[in-house]
Amino acid sequence: MHFEFLVEDQSSGKAMKNLIPKLLGDEVTFRIHTYKGIGRTPKDLRPKSDANKRLLLDQLPRILRGYGKVPNSGYIIIICDLDDKNKHQFLSELSEILSACNPKPEARFCLAIEEFEAWYLGDREAIKKAYPAAKDNIMNSYINDSICGTWEVLADAVYVGGHKALLQRGWQTLGAQKSVWAEKISPHMDINNNASPSFNFLCLQLHGITAQAT
């Protein structure tokens, strides 16, 4: 059994590299494709940007059509942040892209709500193992999968000076720090004990696929 994971940035890819073996075991093969941002779903299902810019949603119609035309391409798992979008509307847009493929690949959409950092915050023990000095009061104030500025919450809990200090250092520093979080926290995560509903949805999707194949 083979899986293709599409994620919107480098930090998500680094986290999934550690999480996928926990989620799927060693008997499956997988590849992770990282992009340079989420982009936007094209209204006419035709990319508006150059493929070299590697924006996930911009290129998604082309990508899924390509997978659909390749026999036995495996299961395609698209992971991206919900951010401040309407969940039902966004999933409808993604489903429309998949439905337009002929033939359709075996694809699933899994949204991190609000952001990928919600999956770290769903496992506070993992955060504490990676950052023993993480601020419990900040983490305890967080409501799982709430639309609240999720990466900012994690930064306030573990980064010296919090999210304001990160923003002052610029977006490149923020991107680099997100990769650090991915590398330090994800190895400690317990996939069977996570309070994030969106992370648990990912787990259910993957387990459903593997159970169906056995």
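Residues are numbered from 1 along each chain as its sequence is written, and side-chain values use heavy atoms, with hydrogens and water left out. As the model is predicted, local features need pLDDT of at least 70 and side-chain atom pairs count only at pLDDT 80 or more, whereas totals for chains, interfaces and linings use all residues.

**Largest pocket**

- A pocket is an open set of points on a 1 Å grid over the protein atoms alone, with protein on both sides within 12 Å along at least five of seven lines; lining residues have an atom within 4 Å of a point.
- The lining comprises 13 residues, of which Asp9, Trp171, Leu174, Gly175 and Lys178 are the closest to the centre of the pocket.
- Helix 9 gives the largest share of this lining, five residues, and helix 1 and helix 9 each supply at least two.
- Three nonpolar, four polar and six charged residues make up the lining of the largest pocket.

**Packing of helix 1 and helix 9**

- Helices are DSSP runs (H or I, at least four residues), numbered from the N terminus.
- Helix 1 (residues 10-24) packs against helix 9 (residues 171-185) at an angle of about 5°, and their axes are 8 Å apart.
- The two helices, helix 1 and helix 9, are therefore roughly parallel to each other, a term for angles under 35 degrees.
- Helix 1 contributes Gln10, Ser11, Lys14, Ala15 and Asn18 to the contact, and helix 9 contributes Lys178, Ser179, Ala182 and Glu183; contact means heavy atoms within 4.5 Å.
- By class, the residues of this contact are two nonpolar, four polar and three charged.

**Salt bridges**

- The whole structure holds six salt bridges, each a side-chain nitrogen of Lys or Arg within 4 Å of a carboxyl oxygen of Asp or Glu.

**Largest cavity**

- A cavity is a set of grid points where a 1.4 Å probe fits but cannot get out.
- A search of the whole structure finds one cavity of 30 Å³ or more, and the largest cavity has a volume of about 40 Å³.
- The largest cavity is lined by Asp9, Ser11, Ser12, Asp81, Phe116, Glu117, Tyr120 and Lys178.
- Helix 1 and helix 4 (117-121) each supply at least two residues of that lining.
- The lining of the largest cavity divides into two nonpolar, two polar and four charged residues.

Technical notes:
Axes are lines fitted to C-alpha atoms, for helices over the stretch in contact, and angles run from 0 to 180 degrees between N-to-C directions. Angles under 35 degrees count as roughly parallel, over 145 as roughly antiparallel, 65 to 115 as roughly perpendicular and the rest as oblique. Ala, Val, Leu, Ile, Met, Phe, Trp, Tyr, Cys and Pro count as nonpolar, Asp, Glu, Lys and Arg as charged, and the others, Gly among them, as polar. Grid points are joined across faces, edges and corners, and a volume is the space filled by probe spheres set on the points.
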